[in-house]
Amino acid sequence: MSTSYREERRLDRKTEREEDRRDRLAEAEAVRKERLAEAEAARIRDEARAEQRRKDEEARQEEERRLRAERKREKARRKAERKKARAELFAKLGKEGDTVGALVVMACGIVPALYFQLRALNGESLPGIISLCLAVMLEAGAWVATVSGERAKREGRPVGRFRVVMWACATFAAVINYSHAPGPSGGWLAWVLAAASYAGVFFWEVRGWGRHGTKGTRTKAQRKEARRRRRHDRKRRRRFPAVYARYTDILTAHPYGSVDHEKAWADAWQDTHGAELAVTAGVIAHRGEADKALAAAHGVGVETLMVEQLLGDVFGGDGGDDGPAARRSGKGPNGGPSKGGRTAKTLGRKGKQAVDRLTGRTAPKVPNKPLDEAHLESVRSLADVLPGGAEDLSVSNVRMAIGGGNYRYAMQLRDAVKAERKNR
């Protein structure tokens with residue numbers, strides 16, 4: 001019995017020791033795993049910090065490259081601007097070389113001429129201020145006439161009167177210098193001083209010959225055209241005073257030269273009469289009476305005739321289905337276009353078309369017409385200014401660009417320009 005008890009106690013202690021050993025092993029394994037996890041976390045943190053440092057370094061290097069490229073571009077831009085400014089300066093100096101030379105000659109001629117004129121006038125016991133004013137008057141008068149004549153030449157106005165004044169002042173100064181020159185009378189110095197009075201204006205004239213030649217003044221045909229324009233303007237002012245007053249207001253309100261005169265006149269007509277150019281309320285009333293008479297002559301209603309005329313204008317009744325619509329013709333006052341004017345011939349043709357449509361008769365379609373090169377060029381220019389280029393072309397804006405026309409013709413123009421741009 002005692003042996004059995006001791007054996008059991010021995011086995012129990014062995015079991016306890018085995019359990020303690022396993023517990024210690026488990027604890028050691030847990031500690032080991034915890035340390036491994038901590039080491040792995042530390043490694044991951046270190047790798048993340050290293051990766052962040054790498055990214056920061058790359059970003060810093062990229063920023064430095066960008067700044068260097070920007071500084072390089074800015075340096076190249078400033079260099080190009082300086083080069084362009086120098087080229088413009090040299091080009092201007094090249095173009096203005098004759099002006100620079102003329103100014104040098106003018107200074108070299110004016111200074112001695114003015115000096116000897118003052119000397120001659122002071123010799124007549126005149127006060128100094130009076131002598132100075134008289135001498136400057138002669139020289140300045142010649143140059144006023146010279147500059148005024150140059151401006152008149154540029155503007156195409158007669159320059160004869162300016163030339164007379166210029167040479168008269170120069171001659172008067174030359175006579176004073178010649179007659180009061182130091183040394184023997186009629187000596188070489190007297191001739192040199194007389195020539196000095198002429199030198200400035202003469203070489204300025206030489207400059208003008210080189211710049212303008214014979215083109216500075218207007219031709220006879222140009223002067224005749226200018227007179228016609230002035231007569232036309234006077235007729236407008238007398239015939240349409242209200243429109244002319246509004247026309248003057250438009251030109252005065254805008255900056256000088258920024259508004260075309262004919263466009264301003266068309267706008268003034270629209271503001272005054274509320275209709276297109278050369279059309280008034282009386283003209284519209286007469287048209288209504290003419291439409292009624294034409295409809296009665298063809299045996300149709302006025303409304304039917306107006307609808308048929310509108311269809312002919314919108315869908316190219318004059319040009320068929322494959323070509324641009326025919327435009328109305330007619331002449332306004334003084335040979336100008338009358339956009340809204342309808343002649344008896346036009347109304348007669350469209351009235352006949354209305355009757356033909358009502359009776360079931362239609363005009364045969366014309367074959368496809370070749371695309372007008374001028375229309376193609378207009379559509380190409382439109383494509384150049386559109387944000388999306390040729391992709392933004394539509395039948396509507398194509399028709400506006402060519403001034404109206406048949407829908408199918410505008411579609412062909414649009415497709416042709418799109419195909420050109422796509423094949424580039």
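## Helices and the model

Helices here are DSSP runs of H or I with at least four residues, numbered from the N terminus. By that count, Ile 129 sits in helix H3, which covers residues 128-154. Keep in mind that this is a predicted model.

Ile 129 has a relative accessible area of 54%, and since the cut-off for exposed is over 50%, Ile 129 counts as exposed.

## Salt bridges along H1

Now for the charged side. Side chains of opposite charge can pair when their charged atoms come close. The structure holds 28 salt bridges, and a few in helix H1 (residues 2-95) are worth a look.

Take Arg 54, which pairs with Glu 51 at 2.1 Å, N to O, and with Glu 58 at 2.5 Å. Glu 51 is three residues from Arg 54, while Glu 58 is four residues from Arg 54; either way, that's about one turn of the helix. Each of these side chains is partly exposed: Arg 54 at 38%, Glu 51 at 30% and Glu 58 at 41%.

## Another pair, and a network

Further along H1, Arg 77 and Glu 81 are about one helical turn apart because four residues separate them. Their side chains meet in a salt bridge of 2.4 Å, N to O. Arg 77 is partly exposed at 37%, and so is Glu 81 at 42%.

There's also a salt-bridge network, linking Glu 57, Arg 60, Glu 64 and Arg 68.

Note on methods. Residues numbered from 1 in each chain as written. Predicted model: local features only at pLDDT ≥ 70, side-chain atom pairs only at ≥ 80, totals over all residues. Heavy atoms only, no water. Helix = DSSP H or I, 4+ residues; strand = E, 2+ residues; numbered from the N terminus. Buried < 20%, exposed > 50% of the residue type's maximum accessible area, 1.4 Å probe, protein only. Salt bridge = Lys/Arg side-chain N within 4 Å of Asp/Glu carboxyl O.
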